[in-house]
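Here is a note to read with the model open beside you. Take the points in order and find each element as you go.

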Amino acid sequence: MPQMGESIVEGTVLKWLKQVGDAVKRDEPILEISTDKVDAEIPSPQSGMLVEVRIKEGETVEVGTIVAYIDTEPGAVASPVTADEASEPDKPTPSVDVEASALPMSVEERLRTRSTPVVRRIAEEHGVSIGDVPGTGAAGRVTKQDILSYIEDVGSPSRPAPSDVAPDVPSRRLPQAPTPSVGAVPDLWVAFYGEVQHPEFPVREGDVVEPMDKIRQLTAEHMVVAKRIAPHVHSVIEIDFSRIDRIRAQNKVRWEEQGARVSYTAFVAWACSRLLHSYPNVNGTVSGNNVIHRSSVNIGMAVDLDPGLIVPVIHGTDDLSLLGIGKKIIDLATRARSRKLAPNEIQGASFSLTNPGVLGTLVGMPIIPKGTAAILGTGAIEKRPVVVQDPLTGTDAIAIRKRALFSLGYDHRIVDGADAARFLADLKELLEDFPEDA
Amino acid sequence: MHLRPYPSESMELQVRNLGLISYAEALALQSDLVQRRRDCALPDQLLLLEHPHVITMGTGSRPEHVLANAAERERLGIDLLEVGRGGDVTYHGPGQLVGYPILDLKPDRKDVHRYLRDLEGVIIGTLRSLGVTGDRVKAKTGVWVDGRKIAAVGVRVSSGWITSHGFALNVSTDLSYFRTIVPCGLDDVRITSVSSELGQPLAVEEVVPAVTNAFAEVFGRSVVGKPTNASKIALS
């Protein structure tokens with residue numbers, strides 16, 4: 001069942017236009033589906049014969065569900081594809097599943113367009129369809145060089161809406177990043193950064209096997225790639241929330257009158273957004289042999305959907321007041337849970353926050369989302385006995401204070417340990433001496 | 001190699017003002033234009049027209065939502081057709097401005113929900129320029145004025161992300177015809193028209209420029225040539 005839109009989770013098979021045993025041509029409509037007020041024809045991703053129909057007319061299934069198998073004509077499939085398919089023994093081989101992501105594609109096309117994030121981003125920024133680019137990599141994959149020379153040859157057919165990076169910045173810079181021009185080595189990197197295969201394990205009696213849904217699949221792939229790309233290091237600091245607690249208590253009524261609840265997370269987001277301009281590498285990312293320093297602070301904020309997780313982005317956090325951030329967090333979290341976020345609201349983060357503390361965890365070691373250099377994990381805020389100094393007498397005393405452990409995960413390629421320590425120390429100072437007029 | 005004068009990314013829009021045209025004829029025209037748009041032989045199209053009295057059943061229709069029996073339909077001169085668009089039963093007739101956009105959604109809108117919301121946006125923009133405030137209602141596709149339905153939306157996306165079918169805005173529709181159906185399968189929904197809202201008569205023709213402008217704005221298209229009323233010329 002193809003994904004026909006961001007907010008579409010399921011579709012109903014209206015009608016099979018082809019029956020089992022029928023020959024189908026590539027791009028020939030083979031079924032009609034219906035979602036909400038929309039009917040859509042789904043074209044065949046490949047020429048061949050329809051050998052199995054899994055979903056009957058009238059049945060409603062989730063996006064990503066396999067609805068049919070097509071037995072491709074001999075020779076129609078490039079050999080590497082056959083090999084891939086043959087490694088999954090319970091499928092009729094060499095079959096193509098009519099599952100199709102954004103738009104039904106042939107196997108060759110899917111393989112070709114399974115490119116590195118860099119290639120995909122370049123394609124996106126230039127409005128180029130990867131499928132149109134002749135690929136020279138393994139199985140015809142499109143390498144960075146392929147797409148860059150394609151863009152140089154034909155130019156960009158259309159410019160998408162501007163993202164937080166000026167669209168011509170990468171095109172001006174990226175070609176400078178030297179790429180080895182021949183053979184096996186670049187292909188290895190393409191595969192390493194672009195492909196994820198989860199190894200399979202034997203099923204034991206009584207076990208339940210369920211396919212991962214779309215969000216889970218994307219999360220799994222992202223986590224593997226993110227950890228593969230960035231050498232992760234984590235540093236932890238303890239932060240006193242006594243002052244913030246007092247500010248919250250003093251302003252709670254006033255903020256509520258203005259229709260907002262300002263959470264601890266809002267305070268942290270505010271403080272990070274003010275500091276990050278002084279730490280361009282923390283608010284940046286490695287891109288090829290360059291570092292991109294983001295011009296604004298866009299804070300991604302992990303929201304637990306239980307099951308699953310989504311990371312809405314507060315664009316331009318550095319331009320918002322504390323109250324504005326508080327409102328935005330509630331708005332985004334609410335719409336994340338009701339699955340009402342627009343695509344641009346989950347893209348373009350320059351830094352992320354995650355809050356394992358909400359369920360009592362003391363400290364987490366979060367994975368840095370790809371395309372960024374750091375993520376801050378906020379642990380549970382609890383009352384703890386701490387040693388304080390009496391400002392008048394200078395003697396030590398034990399006091400009860402609200403405190404939390406914060407862990408910063410950072411990409412050690414561009415953020416040194418001392419940078420992270422300075423950032424955390426500044427963050428501690430700003431939060432513990434939080435300005436009244438933020 | 002074929003000439004592809006209007007690639008997918010072409011942001012041009014050709015508007016065809018077809019006047020009163022039968023449902024079957026419009027269907028054939030759409031099917032032809034979908035093919036031509038897919039072949040990049042034409043720019044995006046917006047067909048604006050009126051239908052003679054007809055009840056259409058979308059693929060989500062329940063037969064019991066057609067209230068008028070055969071004899072009654074015969075008496076009122078209403079056809080009944082099953083059609084390949086999403087949604088439930090609806091009525092078309094004179095005084096209703098029907099819009100069938102034939103767009104290639106591939107370059108900028110591969111999201112059918114977004115497309116539905118954009119069509120609603122076109123109607124809301126049109127109504128605004130006529131002095132009527134239209135709204136969306138959560139989980140009820142269409143455009144509403146104070147809880148009364150003024151426009152219906154139901155679309156089809158053909159192979160290659162080419163759209164057909166579209167929207168129907170009641171301009172000066174004789175609303176009594178809606179009693180022959182349960183509109184869109186929603187019980188006790190009240191239907192309204194621009195004329196009823198403004199309290200004065202208004203011709204469908206007078207709304208065409210407003211719809212064209214709103215459409216071009218919402219979809220970021222530039223209208224090419226003069227609105228043509230030729231349905232046949234391009235079909236030769």
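1. A definition comes first. A crossing of two helices is left-handed if the near helix is turned anticlockwise from the far one by less than a right angle, and right-handed if clockwise. By that rule, α9(A) passes α11(A) in a right-handed crossing. Helices are DSSP runs of H or I with at least four residues, strands are runs of E with at least two, and both are numbered from the N terminus.

2. Some ground rules. This is a predicted model, in which local features need pLDDT of at least 70, side-chain atom pairs count only at pLDDT 80 or more, and totals for chains, interfaces and linings use all residues. Residues are numbered from 1 along each chain as its sequence is written, while chains are lettered from A and ligands numbered from 1 in the order in which they are written.

3. The two chains. Chain A has eleven helices and 19 strands. Chain B has five helices and twelve strands. Of the 438 residues in chain A, 35% are buried; for the 236 residues of chain B, the share is 47%. Here "buried" means that 20 or more other C-beta atoms lie within 10 Å of the residue's own, "exposed" means 12 or fewer, and "partly exposed" is in between, with C-beta atoms placed from the backbone.

4. Contacts along the sequence. Two residues are in contact if their C-beta atoms, placed from the backbone, lie within 7 Å. Take the contacts with a separation of 6 or more. In chain A, residues 24 or more positions apart account for 65% of them. In chain B, the figure is 78%.

5. Back to the helix pair in chain A. Helix α9 covers residues 264–275 and helix α11 covers residues 417–432. Their axes come within 10 Å and cross at roughly 125°. That makes α9(A) oblique to α11(A). Axes are lines fitted to C-alpha atoms, for helices over the stretch in contact, and angles run from 0 to 180 degrees between N-to-C directions. Angles under 35 degrees count as roughly parallel, over 145 as roughly antiparallel, 65 to 115 as roughly perpendicular and the rest as oblique.

6. Who touches whom there? From α9(A) come A:F267, A:A271, A:C272, A:R274 and A:L275. They meet A:F423, A:D426, A:L427, A:L430 and A:L431 in α11(A). By class, this contact has eight nonpolar, no polar and two charged residues. Ala, Val, Leu, Ile, Met, Phe, Trp, Tyr, Cys and Pro count as nonpolar, Asp, Glu, Lys and Arg as charged, and the others, Gly among them, as polar.

7. A helix pair in chain B. The axes of α3(B) and α5(B), residues 204–219, come within 8 Å and cross at roughly 135°. The two helices are therefore oblique to each other. Their crossing is right-handed. The contact includes B:G121, B:V122 and B:G125 of α3(B), and B:A210, B:V211 and B:A214 of α5(B). It has nine nonpolar, four polar and two charged residues.

8. The sheet in chain B. Three strands form an open sheet in the order β4-β3-β5, with mixed pairing. The edge strands are β4 (79–82) and β5 (89–92), and each pairs on one side only. Neighbouring strands are turned by 20° against each other on average, direction ignored. Two strands pair if DSSP finds at least two bridges between them. Strand β3(B), residues 54–57, and β5(B) pair in the antiparallel sense over four bridges. One bridge joins B:M57 to B:V89.

9. Where the chains meet. The contact takes 23 residues from chain B and 21 residues from chain A. On the chain B side, α3 (112–130) and β9 (148–158) are the elements that give two or more residues. The largest share, six residues, comes from β9(B). The side of chain B divides into seven nonpolar, ten polar and six charged residues. Strand β4(A), residues 38–43, pairs with β9(B) in the parallel sense over three bridges. There, A:A40 stands opposite B:V157.

10. Two residues to check. B:D146 is not a glycine, yet has a positive phi of about 55°. It is found in the loop between β8 (140–145) and β9 of chain B. Is B:D146 buried or exposed? B:D146 counts as exposed, because it has 12 C-beta neighbours inside 10 Å. B:W161, also not a glycine, has a positive phi of about 60°. B:W161 lies in the loop between β9 and β10 (162–170) of chain B. With 23 C-beta neighbours inside 10 Å, B:W161 counts as buried.
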